[in-house]
Amino acid sequence: MLTRFRTKLSALTSVDILDASKHVTQPSEAHSPSIVPTNPRLSVRTSSMHAIAKVAAMIAVAAVALSISASSAANPRETPSSAVMLDIKTMIPDLSLDMRYAANNNFVGTRIDGYEAPRCYLLRPVAQALARVEQSLRAKQQRLHIFDCYRPRRAVAHFMRWARDLEDQSSKSRYYPALDKSTLVPDYIAEDSGHSRADTVDLTLRQCAADGSQCESMDMGTPFDFFDPSANTDSPAVSQAQRANRQALRAAMQAQGFANYELEWWHYSLRAADAPVQSFDLPIRAED
C-alpha cells in the first residue's frame, strides 16, 4: 500500500508541475500606449510562485495520505477483538450461528470479502444486550439464530459490486424474484451499513424442546435476505402465525433496546450511547 501511495504522489507532483507551468504569465510583446506596462519579470515571478504554492499544497495532501497509509500498515494484524468488539461466543458459547457470508449460501453466491471465518463480533454493549435477549428467550424454550453481525467495509463494497452488475441474475429466483435488481439499492443493500459499526445483527428465532434440544427455526414467512415487500416486518402478505413470530422476535429485541429496520424482519440495531460512531474494515479471521 505504501508503494502505491508513493507512486501516486510521484505522479501527482510531476503532472501538476507541468499543468501549473501552463499558467505562468509570459511578458506581452505589445502594450496599449494608454496603459503603463507591467514588469515582465515580476509577472513571471508572481505566477511562478502561485504555481509552486499550488503544487506544494497538493504534495502536502498526498503526504497526509501517505502518513495514514503508513499508520494503517504498521499494525496489519489488528483484529475485531483488539479494537472494541467482542466475539459473541465468549458470552453465549452455545449460541446458534449460521454466518451466511462466510460461505457461498448467500445472494452473491460466494464467500464475501472480509469473512475469513464464521464468527459474530459486536460492540461490547451490543453483545451484552444480545446476551440478555437470549437469556430471556430461554425461559420460553426459545433461542436466537444468528445470520450476520459485524460486517467489514470491504464486504459492503463486495455487495455493491454485485448489485451494480445487472448482468448477473443467477440468484434472482431465490432472493429477489419480484424485484428488478437495479432497485435493490438502497432499500435492501446499502452503501453505508450499520453492520460495519458492529452495532447491527441479523437473526431469527428458534423454538426448542423443553430440555433445550431439537431447536427449529420459527416460520417468519420469508427466508433471511429475501428482498421483497413480503419481508417487511409488518407486511400483510404473511399469515397471522408468521406475523406473530415476527412480533415475538421484535418484542424480545426491543425489550433490550434494539430497533428493527422495518423493511427486513431479521435486521436489528442498537446504538450504544458510549460507543464510538465509526465503521471498521478489519477482516474476520479464524484466529483472533
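Which side chain does a polar contact of 2.9 Å join to that of Thr 200? The tour returns to this residue at its last stop.

**Before selecting**

The model is predicted, so local features need pLDDT of at least 70 and side-chain atom pairs count only at pLDDT 80 or more, whereas totals for chains, interfaces and linings use all residues. Residues are numbered from 1 along each chain as its sequence is written, and side-chain values use heavy atoms, with hydrogens and water left out.

**First stop: the disulfides**

A disulfide is a covalent bond between the sulfur atoms of two cysteines. With the criterion of a pair of cysteine sulfur atoms within 2.5 Å, the count comes to two disulfides.

Select Cys 120 and Cys 149, which are joined by a disulfide with an S to S distance of 1.9 Å. This pair links distant parts of the chain, 29 residues apart: Cys 120 is in the loop between β2 (96-97) and β3 (121-123), and Cys 149 is in the loop between β4 (142-148) and α4 (153-164). Helices (H or I, at least four residues) and strands (E, at least two) are DSSP runs, numbered from the N terminus. The angle about the S-S bond is -90°, and the link of Cys 120 and Cys 149 is left-handed. Cys 120 is buried, with a relative accessible area of 0%, and Cys 149 is buried at 1%. Here buried means under 20% relative accessible area, exposed over 50%, and partly exposed in between, with a 1.4 Å probe and protein chains only.

Select next Cys 208 and Cys 215, whose sulfur atoms are 1.9 Å apart in a disulfide. The link of Cys 208 and Cys 215 is right-handed, with 105° about the S-S bond. Cys 208 is buried, at a relative accessible area of 8%. With bonded cysteines counted along the chain, the disulfides follow the pattern 1-2, 3-4.

**Second stop: aromatic rings**

A search of the whole structure finds 14 aromatic pairs. Rings of Phe, Tyr and Trp (its six-membered ring) pair if their centres lie within 6.5 Å; planes under 30 degrees apart count as stacked, over 60 as edge-to-face and the rest as tilted.

Select Tyr 101 and Tyr 115: the ring centres are 5.7 Å apart and the planes are at 70°, so the pair is edge-to-face. Tyr 101 and Tyr 115 each lie in the loop between β2 and β3, so the pair ties together parts that are 14 residues apart in sequence. Tyr 101 is buried at a relative accessible area of 2%, and Tyr 115 is buried at 0%.

Move to Phe 224 and Trp 266, whose ring centres are 5.5 Å apart with planes at 80°, so this pair is edge-to-face. Phe 224 is in the loop between β6 (216-217) and α6 (240-254), and Trp 266 is in the loop between β7 (259-260) and β8 (267-269), so that distant parts of the chain, 42 residues apart, are linked. Phe 224 counts as buried at 5% relative accessibility, and Trp 266 is buried at 0%.

Select Lys 181 and Trp 162: the charged end of Lys 181 sits over the ring of Trp 162, 3.9 Å from its centre. The criterion is NZ of Lys or CZ of Arg within 6 Å of the ring centre and within 35 degrees of the ring normal.

**Last stop: Thr 200**

Thr 200 is found in strand β5 (residues 200-207) and counts as buried at 0% relative accessibility. The opening question is answered by Asp 199, whose side chain is joined to that of Thr 200 by a polar contact of 2.9 Å. A polar contact of 2.7 Å joins the side chains of Thr 200 and Ser 269. Such a contact is a pair of N or O atoms within 3.5 Å; within protein, one must be able to donate a hydrogen and the other to accept it, and residues adjacent in sequence count only if both atoms are side-chain atoms.
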